[in-house]
Amino acid sequence: MTTTPLRPGLRLRSRTCTAEIVVVRPGSGSGTLECGGEPMTTDDVTTPAGTADAPGVLLGKRYTDESRTLEVLVVKAGAGPLSLGGVALTVKAAKPLPASD
């Protein structure tokens with residue numbers, strides 16, 4: 001398996017569940033994006049049966065690493081979890097809106 005360098009717009013699919021993501025910001029860290037403990041791929045993969053229940057990776061949410069340099073957008077929910085080099089990604093919090101008094 002060859003590792004695809006991360007770049008904005010790259011679509012990756014999980015080998016273990018139905019999750020699909022798009023890279024928004026590739027980040028500066030090194031490591032492999034993983035879902036369910038397996039490296040994600042650009043290839044079309046057949047989703048194993050029974051993995052679509054109870055999504056742990058939420059549709060439409062952005063996930064980021066600890067340093068906030070990597071950002072991915074979930075375009076198809078799945079069981080997850082997402083990680084970069086074995087370190088779990090977290091849901092990116094929304095920015096608070098300014099007060100409108």
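**Exercise 1.** In this predicted model, determine the strand order of the open sheet of four strands, and state which strands are the edge strands.

*Solution.* The open sheet runs in the order S4-S3-S7-S8, and its pairing is antiparallel. Strands of a sheet pair through backbone hydrogen bonds, in either a parallel or an antiparallel sense. The next step is to look for strands that pair on one side only; these are strand S4 (38-39) and S8, the edge strands.

**Exercise 2.** Decide whether Ser-83 is buried or exposed, and list its contacts beyond four places in sequence.

*Solution.* First, locate the residue: Ser-83 belongs to strand S7. Second, consider its relative accessibility, which is 9%. Buried means under 20%, so Ser-83 counts as buried. Third, set aside the neighbours within four places in sequence; Ser-83 is then in contact with Thr-32, Leu-33, Glu-34, Ala-88 and Leu-89.

**Exercise 3.** Classify Gly-86 as buried or exposed, and give its C-alpha to C-alpha distance from Gly-37.

*Solution.* Gly-86 is placed in the loop between strand S7 (82-84) and strand S8 (87-88). The relative accessible area of Gly-86 is 59%. Because exposed means over 50%, Gly-86 is exposed. Finally, Gly-86 and Gly-37 are separated by 49 residues in sequence, while their C-alpha atoms are 7.6 Å apart in space.

Methods:
Residues are numbered from 1 along each chain as its sequence is written. This is a predicted model: local features need pLDDT of at least 70, side-chain atom pairs count only at pLDDT 80 or more; totals for chains, interfaces and linings use all residues. Side-chain values use heavy atoms; hydrogens and water are left out. Helices (H or I, at least four residues) and strands (E, at least two) are DSSP runs, numbered from the N terminus. Buried means under 20% relative accessible area, exposed over 50%, partly exposed in between (1.4 Å probe, protein chains only). Two strands pair if DSSP finds at least two bridges between them. Contact means heavy atoms within 4.5 Å.
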